[in-house]
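Hi,

Here is the structure I promised to send over.

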Amino acid sequence: MKWFTIPLSSLSSADVQLIVVNSKKLTLVQHQGNYHVFANKCPHAGGDLTNGWCTEGFLVCPIHRYQYNLENGRGAIGQGDYLRKYPVKIVGENLMVGFKKLWFKFW
Ligand code: FES
């Protein structure tokens, strides 16, 4: 796992926002004091999830309103899809976002 640092002071107070980590656009969700980082594109039809919102523990895509569980990225019942979730941790005043090292073989 390779970890990238984002200063917490650089984040807005928005529940859902775009972050760029290692030149990759990702969706950051702040919900009930926890941080969740997901892929930026919705797996259904590529909607921009940074324009989505959070409800009852799910990230909602603004295009067709598919929902993804904040804890594991699983689509809501009946969707049969999955949103990539990245590991995060807080270290001091920074949010750390983890990428599997396999990704770096293709970049
Ligand atoms: S593009 Fe996200 S629900 Fe269709």
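Strands E6 and E7 pair in the antiparallel sense, with 3 bridges between them. E6 covers residues 58-60, and one of the residue pairs to look for is Leu59, whose bridge partner in E7 is Tyr68. Please keep in mind that this is a predicted model.

That pairing belongs to an open sheet of 3 strands, which run in the order E5-E6-E7 with antiparallel pairing. At the edges sit strand E5 (53-55) and strand E7 (67-69), each of them pairing on one side only. Going from one strand to the next, the twist averages 35 degrees.

Now for the chain as a whole. How does the radius of gyration fit with a compact globule? The chain has 13 Å, and a compact globule of 107 residues would have a value near 13 Å, so the two agree.

Two last numbers on the packing. Buried residues account for 22% of the 107 residues in the chain. As for contacts between residues at least 6 apart in sequence, 40% of them join residues at least 24 apart.

Cheers

Note on methods:
Residues numbered from 1 in each chain as written. Predicted model: local features only at pLDDT ≥ 70, side-chain atom pairs only at ≥ 80, totals over all residues. Pairing = 2+ DSSP bridges. Helix = DSSP H or I, 4+ residues; strand = E, 2+ residues; numbered from the N terminus. Axes fitted to C-alpha atoms, helices over the stretch in contact; angles between N-to-C directions. Rg over C-alpha atoms; globule rule 2.2 N^0.38 Å. Buried ≥ 20, exposed ≤ 12 C-beta atoms within 10 Å, placed from the backbone. Contact = placed C-beta atoms within 7 Å.
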